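Here's a quick briefing to read alongside the structure. Have a look at the fold first, then work through the notes by topic.

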Amino acid sequence: MKYIIGIDLGTSAVKTVLVNTKGEICAEASKNYPLLHEKTGYSEQNPEEWIQQTASALNELISKSGVRPEDIEGISYSGQMHGLVLLDKNHNLLRHAILWNDTRTTAQCHQLYEMIGEKRLLEITKNQALEGFTLPKLLWVKEHEPEIFDQAAVFMLPKDYLRFKMTGLIHSEYSDAAGTLLLNVGEKKWSEELCQLVGIDISICPSLVESSECVGTINEEFSQKTGLTLSTKVFAGGADNACGAIGAGILSSGETLCSIGTSGVVLSYEERNDRDFAGKVHYFNHGKENAFYTMGVTLSAGHSLSWFRDNFAENESFEELLADINNVPIGSNGLLFTPYLVGERTPHADATIRGSFIGMDASHKKRDFTRAVIEGITFSLNESIEIIRENGKEITSIVSIGGGAKNDSWLQIQADVFNTKIIKLSTEQGPALGAAMLAAYGCGWYNSLEECADLFISTSKTYQPKLENVPVYKQLYALYKEVYYQTKDLSKRLNQFSRK
Ligand SMILES: Nc1ncnc2c1ncn2[C@@H]1O[C@H](COP(=O)(O)OP(=O)(O)O)[C@@H](O)[C@H]1O
Ligand SMILES: O=C(CO)[C@@H](O)[C@H](O)COP(=O)(O)O
């Protein structure tokens, strides 16, 4: 039997899966690493920790599975998007990576609009200038750490750096490059015009390949660290959301994904490169060749729940915390939560907005707050669904993945709030499985990603919207949407008191 490995380099952990030719997951191993928040709004990671923890996860994966390393034919990647990794001319790290959820770059986003013009930026990149994207981070380093910027020979995205350390070769691929704000998304090439306008030498952009392309094999150093053989083929891989979509079978028009990890994402397959969403949702290249997707992002989706648990129910598992939410009525007894813990992206590109509980009264218990957090996250994701629907997409079912898809009650809330059928898959390993599928397809095991998806992906359960719940959530959703406008100015004024 032959095997492939999918690696998902996530925000909180690296997850690895070993899959056989029948699409069965034979082993899984995961290792955590910390987020570094040196100041309010800062979010960084030490890329060396990604490498060490990936090597350790792969060691565990191989020994746990008992498979012979020479039977592992291919390996591919899914990675947290947008993070900036900078290397000098000797390919040494110049600083910690600045991550997707770092919001220090508001000024650089404004500068980008001044330098390029909003319309032109949108025409080339199909996206708005948002704090999370890579280009504003590059400009921040240029302005605040010029001695580091001057030494930068190449910039990389997180999983591309991991792949570089495993092969010794430097590449990027379209699905992750799309999230840098330097790619001409429609034409699939780095934009010379943008580089010129913002004063960045295009030579720091790595060469581009397709997600399923074989870029090399495992190098000596990584082979020694992990036991992988030098003949294991390495495929480029994709952005975590592109891989999440592949791993959930979002491979044709009309298919939509809801992923609740640290962030929350609503993603809809798009076959064309010329639709105009006016930047209201992200418009990126898919990991499937010449395909695209639109996507709305809630920055703190699962993060809101883990923040709540860590601070107010420290010793409880998510299962324990959520055990009671069905004993609380819809609307959490008059409590509303907005998940703006680190600002927001969709539909409000606003780094200074902050979260709130509205409607607290003396009768509220912890379970009311827990349900309010779950409802608030789901309302936020519904704002992305609303934009996609308003732009003419019919959504009749949504595949739900990520940590948030582990809970039955939450899946039913998703069905009721989104007012559509929710599909839960047999495996929650969305992005890692998508990465494995890129390797399987790249190895030539299947003729297409679709053929691979037919074998690898199956539904475990579906949830239909409950007709009596839908109008109640509609009423609450209308109230939820108002909270942003009512707290926007307050959040700005409160900001001076926040931890600096
Ligand atoms: N059993 C559970 N029930 C509900 N939500 C869960 C459960 N387990 C994890 N989660 C949510 O999923 C999030 C982690 O999702 P995951 O997809 O593993 O994250 P990431 O890939 O961003 O590191 C947690 O922050 C939590 O909010
Ligand atoms: O910024 C985005 C997408 O634009 C995030 O989705 C990151 O790609 C990280 O995802 P998770 O670690 O939350 O899965």
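What follows starts with the whole chain and then moves to the ligands and a few local spots.

Keep in mind that this is a predicted model. The chain is built from 17 helices and 24 strands, and its radius of gyration of 22 Å is close to the 23 Å that the globule rule gives for 500 residues, so it is as compact as a globular protein of that length.

**Overall build**

- Along its principal axes, the C-alpha trace spans about 65 × 50 × 45 Å.
- Buried residues account for 51% of the 500 residues in the chain.
- Take the contacts between residues at least 6 apart in sequence: 74% of them join residues at least 24 apart.
- An unreviewed UniProt entry puts the feature "domain: Carbohydrate kinase FGGY N-terminal" at residues 3–247.
- That span, residues 3–247, is 36% helix and 24% strand, and its end C-alpha atoms lie 17 Å apart.

**Around ligand 2**

- Ligand 2 has 15 residues around it, with T11, M81, W100, G261 and T262 coming nearest.
- By class, its shell splits into 4 nonpolar, 10 polar and 1 charged residues.

**D240, the annotated position**

- UniProt lists D240 under "active site", again from an unreviewed entry.
- You'll find D240 in helix α10, which covers residues 240–247.
- Is D240 buried or exposed? The cut-off for buried is 20 or more other C-beta atoms within 10 Å, and D240 has 32 such neighbours, so it counts as buried.
- Setting aside neighbours within four places in sequence, D240 is in contact with D8, G10, S78, G79, Q80, M81 and P431.

**Helix α14 and what covers it**

- Helix α14 (residues 408–418) has 8 of its 11 residues buried, so it is largely enclosed by the rest of the structure.
- The buried ones are W410, L411, I413, Q414, A415, D416, V417 and F418.
- Their cover includes the helices α13 (366–390) and α17, along with the strands β16 (256–260), β22 (397–401), β23 (421–425) and β24 (459–463).

**V470, on helix α17**

- V470 lies in helix α17 (residues 470–494), and α17 is part of the cover over α14.
- Leaving out residues up to four places away in sequence, V470 touches D416, N419 and P465; of these, D416 is one of the buried residues of α14.
- With 15 C-beta neighbours inside 10 Å, V470 counts as partly exposed.
- V470 and G376 are 94 residues apart along the chain, and their C-alpha atoms are separated by 15 Å.

Conventions:
Residues are numbered from 1 along each chain as its sequence is written. Chains are lettered from A and ligands numbered from 1 in the order in which they are written. This is a predicted model: local features need pLDDT of at least 70, side-chain atom pairs count only at pLDDT 80 or more; totals for chains, interfaces and linings use all residues. Helices (H or I, at least four residues) and strands (E, at least two) are DSSP runs, numbered from the N terminus. The radius of gyration is taken over C-alpha atoms; the globule rule is 2.2 Å times the number of residues to the power 0.38. A residue is buried if 20 or more other C-beta atoms lie within 10 Å of its own, exposed if 12 or fewer, and partly exposed in between; C-beta atoms are placed from the backbone. Two residues are in contact if their C-beta atoms, placed from the backbone, lie within 7 Å. UniProt positions are given in the numbering used here, feature names are shortened, and annotations may be inferred rather than shown by experiment. A residue is near a molecule or strand if its C-beta atom, placed from the backbone, lies within 6 Å of it. Ala, Val, Leu, Ile, Met, Phe, Trp, Tyr, Cys and Pro count as nonpolar, Asp, Glu, Lys and Arg as charged, and the others, Gly among them, as polar.
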